[in-house]
Structure formats: C-alpha cells, structure tokens
Amino acid sequence: MMQFTISRATITSRIAGVFALLLLVVLAAAPWWASSSFLHLAGEFAVYLALATLWNLLAGYTGLVSVGQQAYVGLGGYITFSLALFLGVHPLLAIPLAGLVAALVAIPVASLVFRLAGAYFAIGTWVMAEVFRLIAAQATALGGGSGISLPATVTKELGGKWLREASIFWLALALGAGCLALVYLLLRSRIGLALTAIRDSEVASTSLGIRIGRVKHVLYVLVAGLTAMIGALISLQKLRVSPDAAFSVNDWTAFVIFIVVIGGIGTIEGPIIGTIVYFLLREFLADFGTLYLLFLGTLAIVVMLGAPKGLWGYAAERFGWSLFPVGYRIHFKE
Amino acid sequence: MSDGLVVEGVESFYGDFKALHGVSLALEPGKVLALIGANGAGKSTLLKSICGLVSPKAGRVTWRGRDITGLGGAQTVALGIALVPEGRRLFKSLSVEENLILGGQIGRSGPWGLQRLYDLFPILQEKRHQPATSLSGGQQQMVAIGRALMSNPDLVLFDELSLGLAPIVIKDIYAQLPKITGQGMSAILVEQDVTRALNAANQFLCLVEGRVSLSGKPQDHSRDAISAAYFGT
Amino acid sequence: MDLINIILQGVLVGGLYALFAAGLSLIFGVMRLVNIAHGDLIVLAAYIAMEVIRLSGLPPLVALIFVVPVMAAFGYALQRGILNRTLGGDLLPPLLVSFGLSVILQNGLLAVFTADSRKLDAGVLETASVSFGGLSIGLLPALMFATAVAVIAALQFMFYKTALGRAFRATSDDAEIAELMGLDRRRVYAWAMALCLGVVAIAGVFLAIRSNFDPFMGPGRLIFGFEAVIIGGLGNLWGTLAGGVILGVAQGLGAAIDPGWQILAGHVAFLLILAIKPRGLFPRMDG
C-alpha cells in the first residue's frame, strides 16, 4: 500500500519565514541605526510592496483588473488631510479612519463598476479615479487644482523630526508587512482555496460563480480600504496632497502593475520580487527619465509575452520554489 | 502511396488529456467510413486532427500522398477537406446565404454552388436572408452541410450528423447523403446511431478510449462483434 | 437661445468623441480586445500628421492621405507582431500588454517631441462659421460631425455588406470554424486593427486641429471613447454616435455652469447611464 504525508511548508519556506521575522525585527529598529534617507527609501519600498500585493490579490486571484486604484490612494490622502485640517483629528488616527471611509465609498462604487465585464471593468475603474480627481480639484478648501500642504501646526502633532520620520516609517513597515500577512492568511483560508481553484479551472468558476461574485465584491471593498490607508500614509510622507499627484495613474497604478507583472502575477512572492526589481531599476536608471519608463514598459510587455507568470513564476516552475506555501504538497513513500 | 486519406499512429491531446493513442486508418476516394465509439472515445478529436483544428503530437496524416500533419484549418480546406462540426456551429451574425458564401470563399472549383445547394435543400433558398441560427435544427444542419459542400471538398467529415434532430429529419438528411457522396467524394461519418452509420458506410472504425478496437467492412463482422468492440468488452 | 447653442455645440463635439470610439467599438466587436493604448494611438496620429505637414506643407485634412495609410499599416503590424500573441481567452495579457504600450507611446512621444503642447493650423476652416437666427455653427465642428457620420456609415456598410465585414463577423462568432472557411484569424484581426487605426488617424487629425495636444492626452481620449461606447451600447455603431453626442452635450452643459465641471459632467452622465441602463441606451439585441 502506498503511504504519503501531506504538508504545506517546505524547508525553503521555513527558512524564509525565520529570515522574514528576523528582517522585520532588524528593520523595526532602523530609526535607531539608519539614516533618514534610508528610512525614506525603505518606507517607499513598503508602500509599493503593499500596493502591489493588494493589486495582485484583485487581478491575480479574482480576475478584477483595476487600472483605477489611484482613486483610493488619492481618496485616503484627501480624507486624512480633511480630518486633520477641519476636525482636528490626530494625523495618525486619521489613517485608519481614512481606510474606513474609503471602504464605505467603495461599496456604491463597486456596485457601479461591477456592471462592466472584463476589460471594460478596468476602464470603468479608471473613470471613477478621474471623477475623484476632478472632484478633488474642485475642493477649494483643500487648495483646488494646486493642492495643499499640511500646516506646521498639524505637522507638530507628529512630534519632532526623528519621531515623525520614525513613526511614518513604522507605519509603512506595518502596512507593508500587514498587507503581505493578510493576503497570505486569506489565501490559506477556504476563501483563498476557492479563489485559487477558480483561477486555475474554468469548470470550477462556472459552478461556483454566484457565491464567488459576492466574495469578489467584499475583496474589492477590503482592498479599497487598505489602499486608502496606504494613500493616507503617502500623504503624510509627502506632507502634501494635490489632485494630479494623489490620483496619479502612473505612480499608483502603472508602476504597481509593472511590479506585479514583472515579479509574477497570481503569486504572493511575485510582488516582492517585482518591487525589488523595480527599486533596483529605479536606482540605476531613473537618471535617464523618459528612457527609464520606456524600458519599464518594454520589460513588462516582454515578460507578459515571454514568461506570463513573471520572474517568480518562471523560477518556481523550474525549481519548485515556494516561500509562502498556500497549497498542499503530497510526499509519497514507497 | 494512396490517393485517399491515410492516418498513421496519430496521438492527439484534448487540452491536457491524451485523447488519441496511436490511431491509424486508410480511406480510398469515393468511400464512406463510419467512425463509431462511445462518448469521449476520441471521435471528434480524430476528425479535428485530420482537418487541422487539432495538431497531433505524434503520427502522420497523409492526404493524396501529401503530408498534412499539423497544417492549420485554413490550409486543409484549400486542399479539399471540409468539416460539418458537431453542434453545427453556424455563424450566428450571418444570414443563411452568407454562411454558405463563406463556405465557398476559398474558391475551389467543382460541382457545388449556391444554386445546386438550393436545389438539394429548397427550404434554404426560401430562408436565405434569415439569420442562420433562427432556423429549425434540421434546417441548420442543412446549412452546415451546405457550408461544407460549398468548398467543393473531396473529403467531408460529418461530426454527429443527427445529434438533436427529429427522427423524420434524420431520415431526410440520410436520404440526401448518396447524392452528396455519389460523386467520388469520400466521407467520414461520426454518428451515435451505429446501425444507421453502418448502413450508410463502406467501412467502419470503432474507437475505445482513444484506441482502435475494431475496423473493417460492416458486412464482415457480426453485430455482436461490433457491439462488443463498441463497449470495449 | 444660449441653451440651444450649448446643446448644438455639444452635439457637434460628440462627433469627435464618436470618432474616438468607433475604432474601439470595431476591435472589441471583432476580437473582444480592449486596447488601453487606443487614446495614445490617436495622439500618435496627431504627431505623425504634424510631421507630414512640416515636411510637405499640405493642409491638415489633405495630410490624411498619408496619415491614414501609415497608421493603418502600423495597426496591421502591431496586431501581427504583438497583440495577436496576447489573444486566447485570458483577460490579462491583452490588457497589460496594451497598458505597457500606452506607457511606451506616451514616453516615446515625450522623448521625441518634448512635453510642449502643439496644434495643427487649418487656417480659415477653424474660424469660419455660418449663423442663422442667432445660432452660429462653426465650419470645423460641422465638418467633424459630418465626418463622424460618414465614417460610421462606412463602417456599418463594411461590416454588414462586404466580404471583409463577413469575415469579421464570422471570426467574431466562431474563430475556429472560420478558420475552416480559409479565414486565418491572425490576418482577420490584423485587418480589423488596420481599419481601426485608419479611423484613429482621422480622429487624431481632427483632435489636433480643434485643440492643443501633448504626449499625455491619450488616456483622456480613451476614456471619452470608452464612455461613448458604453452609453451607446456595446456592438452598436450608431449607438456609439449617440453616446458621443450625449457625452458632448453633457460636457457642454457642465462647462456652462462652471468651466471646472466640463469633464466631470461627462463622467457623471456616463455613470448615471451605467446605473440606470448598464447595457447602454441601444444594446444590440443578439448580444
């Protein structure tokens, strides 16, 4: 009789888990050992990692390809500034509130854009982001088209320079690691298994279709809320919001899509690899300005056509790697 | 070297599923072959492997001495192979006449043209400007047959000719079959109704799970032997 | 009288939006492709026209003799070289590849032509107008609208009355069986994209005569075209013209209230129609 054992973890994934925890501890202590430019870069890294992880959850696992996530990035920033400026809410407290408000806004938005199928859904989300941007440009109390900076009185609430930079960095770290952990746990849950099954099999998707429709709705709203929290954090990193920057399709959606596509869509590791590649490319090529963007666009197309599962998918297929095991492995014994 | 169709050791996949495990057959010009077998035996995959909608992973398909393995559907039709697909698959946004015209647009010369088809199936002339899918099932099957004939093929592959049609309509269509195949045209007939298929054919081939379980002339084998081959017992 | 004038101008601008939308509608109908770079291709056509005019000295509308075939040939090559490899049921590849293409086009144009805004000079055509009873109709907007009607009528004729249109419809219905009629889908799709970019060339030249343009205008044009398609109903070319007109009128009315509301009013009209009639005002019956 054939015997077998079932496991989720692999040796690589266990080592990776220990390594990730160590990295988190070391990074959390960064304000005491790193320069403020490092904190800034690491904070930005965490922001892109979180955005990419969330976009990947929508596009890679539920087939909801949004090119309008900048709607929630911008919304998060504008809500944070409104709460701090008009209601005197502490800026850090405003971050979770911004997430909550944006999630509430996302409910009616979802019921509209979900009427558009497939690729038209993508452009529908973009229209929504444009609507938000144009409304923000009409908000004269928040500086209209040119935007507004956070006044020094509010900035002071964040503490002195060191504490301000440290707390914004910690928040970025928490959001980056938090989004990653959330998506990991979500995909390990029953919902995640159903989503993966649907992605991998057309038959399953037709038979489970209706129930999954609601799950997609809930996930869209959840991602909107989390994206808005990231947007709130970004507004505090920059201490300024303006319609064109806060609702930028290039900064908050195009780059994020490129990160996920290059790293590997539909995998948890993909966005991590993609963010690393993106930051490396940016460090070396950003001086070339326009050419850098041309290169990034070309790379995304080449990857999509040549290795549709991205760098990670390619490696995982060839070497059987897995850092975040969400599936099960069967080991047969003779 | 045969001037008909020769299939040698063809292996084909339907998605990830290996549907054909080395199937061979030979069909002379002007002959009709009945291809029988249970659902999922690989009949449709074999037809698709011949007309180029499926590319075999191994083996060889030769047509009039020419290797056509792996050629696309657009090329095999130009060489005189036409398919009447399972479920008819008419173009729903085209009228009856447009469906037929499209069938003939590769421009092979031969006896078949619009008028000749309308003589064969007069009802189609009457309804020629209607959307093809607004017709009854039997009439739609006539359009599907007509669309294949319009390319003036030398080999027609009929996939599930009578599926979903009323018995009286099936009888009508089979009554027309000799007129169609009587001109030196060969045909492969995939059919649920084994008796009807064997009566219309000169030879038969029975598939079980992607392998040939029995082949030959209908009159050389008892019905019991064919039935046993069909069920793979 | 003012209100009638605003509506009339909006209707005429709607013709331009219908030109943005017609190609989008065509390629969606034939191959279910939504090309995110559609707007950037309109802008590309405007720059090509600018270069043709600079080299030849031809008036903009005459320059179309060159721009239309150049864009059509580009469309054929683009489809055969890149986009055909993305088609196969899955939604992501065509969407993401065309998104990458959009970024490449924007930054390519920026690298070659800088961010300066440009405009094509059509001379007296831009200012000429006929007025009657207090209403004034500019010659350019009227010509734009007439062109839109002519283009849509021509596409409609092509789609339903010609062998090419038959091939488009058959491939759209069932590409596999169409292959057995001798129709190679890769070539059929390439012809559709060539035709689409021919229309895009006309749209690009009118855009460039009517207003300033720069390398980053594409996404906005894509969105207008997309809204016109959805308002009119998928797969209905005349509906697309109606969608363009509704969008144009909504924008005109919005601008009359406050210039900052022009674009917003168009989006709101689109969202309202999406909320009330998700399949558009004139959906195709068999869809």
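Predicted model: local features only at pLDDT ≥ 70, side-chain atom pairs only at ≥ 80, totals over all residues.
**Stop one: chains C and B**

Select chain C and chain B. In contact across this interface are 14 residues of chain C and 20 residues of chain B. Together the two sides bury about 1800 Å², and carbon and sulfur atoms give 59% of that area. Next pick R166(C), L180(C) and M181(C): these supply 38% of the area that chain C buries against chain B, more than any other three residues.

**Stop two: charges and polar pairs**

Stay at the interface of chain C and chain B, where the rule finds four salt bridges. To view a salt bridge, show the side chains of R169(C) and E98(B), which meet at 2.7 Å, N to O. Seven residue pairs are in polar contact across the interface of chain C and chain B, both residues being at pLDDT 80 or more.

Now colour chain C by element. Two or more residues of the side that touches chain B come from each of α6 (163–173) and α7 (175–179) of chain C. By residue type, the side of chain C that touches chain B holds seven nonpolar residues, six charged and one polar.

**Stop three: a helix of chain A**

Move to chain A and select helix α16, residues 310–319. Which residues of this helix are buried? They are G310(A), W312(A), G313(A) and A315(A).

Conventions: Residues numbered from 1 in each chain as written. Chains lettered and ligands numbered in written order. Heavy atoms only, no water. Contact = heavy atoms within 4.5 Å. Buried area = accessible area lost by both parts, 1.4 Å probe. Polar contact = N/O pair within 3.5 Å; in protein donor to acceptor, adjacent residues only side chain to side chain. Helix = DSSP H or I, 4+ residues; strand = E, 2+ residues; numbered from the N terminus. Nonpolar A, V, L, I, M, F, W, Y, C, P; charged D, E, K, R; others polar. Buried < 20%, exposed > 50% of the residue type's maximum accessible area, 1.4 Å probe, protein only.
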